[in-house]
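Visitor: I would like to learn how to read this fold. Please take me through it one feature at a time.

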Amino acid sequence: VVYFASNDDADIERIVLAGTTQRSMLLVSGRTSMNGLDCPDPLGRVVAQTTNLSGTVTIGPATSATATTMLLFANVADANIQSAMPISTFLASSWLDSDAAPDTLTAPWAGTIMCRGDFAADVNLTGADARGNSVNVFYAMGDVVGSVLNLAAAAGVIYARSWTGGSIQALYVGSLLTTRGAFGADVNLTGANAAGNSLNLLSSAGTVSSASIVLAGGAGSIIAPAWAVGQFTAQNVSMFMSRGDFTGNVTLTGQNRAGSSLNVLYVMGEMNAGLVRTRGGIGTAMIGSMRDSGVYACVLDGVAGMPGAGVTAAEYFAAPLAGMQTPAIRMLMISRAAGVFANSVVAGPSMGTVILRGVATDNGDAAFGLVADTGITMLTRYRDGAAPSTARNVVAGLTDTLPAEDDFTVQIL
């Protein structure tokens, strides 16, 4: 039954279907709009690519384990779609939300959710397909604004031009990408794939500014032009790259088989008021400039800053995890020629090569610098008005031989 808003030439008010099967198709042709669809039985396809949708769409449950529905619309606005059937493909030109009530798309799972323009609806997927995914591909060619993705299982690819506000909840995600703008959604991934990762790739074309990103497992590569996340938590990360500045907190609570929590940290801009704490070691940290920041590898929780007089290694550093070698920061470098190392602390049980530039030695009598337990293999410092100084095999008995530099200190516990 098709209901119209009036007896005159009018768009569709509502369509009510009965007795359909999973092979049935609803075809709406011509440029029109529809304010709702009620189908308590299965429905194989809704083909309405030139129909604007608002209101409520309901589709009944499938009668077989493999049956899915396909939903094709033009522009969607102020709508709620509730399908008891899994969705093979959802395609819309845009989905906008202009009122206070959240728009929703709800289904057991979806193969592809694609929007050619902006997307502003919440997505609730309550189950998983045979591969363990709630959604294989979520693809918004426009901007995602305030959307909440609540996925009972995993996601293959989540892809948008930009993402503002909202959140993503899932077991794990293969790739999370924005192609033209920033990413600002909170993320909570509660599981991990067979490799132990909750997230294989996070790549954003704009600043990542989420309040919180929490991963139960590890992460592969994280790449952004700037990083400003309030709190990022994971087990370990293979590569962390900010092509610009870096601020906020990063906490890595585990480590890989080689004993590293973070293989590569690469900040091309300035690390300013940033904090990185790792349970295991750090392979390479290349930081353009470092100001009012800290990098702490295998340091006890709650411990920060330079150790006070008489503090021992056991009071500052945590014991290595069972079966793991002593964590180390294998290389730390202030990489920009004009970079500075100011009011910052880098600490690790042992350090390999450390290269510092622009050490701001006058810090108002507040100590800052380097802290290690066993020692530093090589320490090179570039100083204004003086030749670079290099010291090798810096251990506790040799720190007094280093050039005096006001508030900058090297402590070997």
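Guide: Start with the strand rules. Helices (H or I, at least four residues) and strands (E, at least two) are DSSP runs, numbered from the N terminus. Two strands pair if DSSP finds at least two bridges between them. This is a predicted model, where local features need pLDDT of at least 70, side-chain atom pairs count only at pLDDT 80 or more, and totals for chains, interfaces and linings use all residues. Residues are numbered from 1 along each chain as its sequence is written, and side-chain values use heavy atoms, with hydrogens and water left out.

Visitor: Which residue in β5 is the bridge partner of M25?

Guide: R45 is that partner. M25's strand is β3 (residues 25-27), and β3 runs parallel to β5 (residues 45-48), with three bridges joining the two.

Visitor: How many bridges pair β5 with β7?

Guide: Four, in the parallel sense, with β7 spanning residues 69-73. There, A48 stands opposite F73 of β7. As a general point, side chains in a regular strand alternate between the two faces of the sheet.

Visitor: Where does the pairing go from β7?

Guide: To β9 (residues 87-92), again parallel, over four bridges. L72 has L91 of β9 as its bridge partner. Next, β9 runs parallel to β12, and five bridges join them.

Visitor: Now the nonpolar core. How do I read that?

Guide: In soluble globular proteins, nonpolar side chains tend to be buried together. A nonpolar core here is a set of buried Ala, Val, Leu, Ile, Met, Phe, Trp, Tyr and Cys residues joined through side-chain atoms within 4.5 Å. Buried means under 20% relative accessible area, exposed over 50%, and partly exposed in between (1.4 Å probe, protein chains only).

Visitor: Which members of the largest nonpolar core touch the most others?

Guide: W227, F232 and L370, out of 99 residues. Take W227, using contact in the sense of heavy atoms within 4.5 Å. Leaving out residues up to four places away in sequence, W227 touches L202, V208, I213, I222, F232, F240, S242, D245, F246, T247 and V250. Another core lies apart from the largest one and has 10 residues, among them V303, A313, Y316 and A347.

Visitor: What about charged pairs?

Guide: Side chains of opposite charge can pair when their charged atoms come close. The rule for a salt bridge is a side-chain nitrogen of Lys or Arg within 4 Å of a carboxyl oxygen of Asp or Glu. The count comes to four salt bridges.

Visitor: Which residues are linked in a network of salt bridges?

Guide: D118, D143 and R161. D118 and R161 meet at 3.7 Å, N to O. D118 sits in the loop between β12 (110-115) and β13 (122-125) and R161 in β16 (residues 154-164), so this pair ties together parts 43 residues apart in sequence. R161 and D143 meet at 3.0 Å, N to O. D143 is in β14 (residues 133-145) and R161 in β16, so the parts tied together here are 18 residues apart in sequence.

Visitor: Which residue forms a salt bridge with R291?

Guide: E270, with the closest N and O atoms 3.5 Å apart. This pair links distant parts of the chain, 21 residues apart: R291 is in β27 (residues 281-291) and E270 in β26 (residues 260-278). R291 is partly exposed at 31%, whereas E270 is buried at 17%.

Visitor: What lines the largest pocket?

Guide: The lining includes T251, R277, Y296 and D301. β25 (246-252) and β26 each supply at least two lining residues. The pocket holds about 170 Å³.

Visitor: How many cavities of 30 Å³ or more are there?

Guide: One. The largest cavity holds about 40 Å³. G281, Q325 and R330 are among its lining residues. β27 gives the largest share of that lining, three residues.

Conventions
1 Å grid on protein atoms, 1.4 Å probe; cavity = no way out; pocket = protein on both sides within 12 Å on 5 of 7 lines; lining within 4 Å. Points joined across faces, edges and corners; volume = space filled by probe spheres on them.
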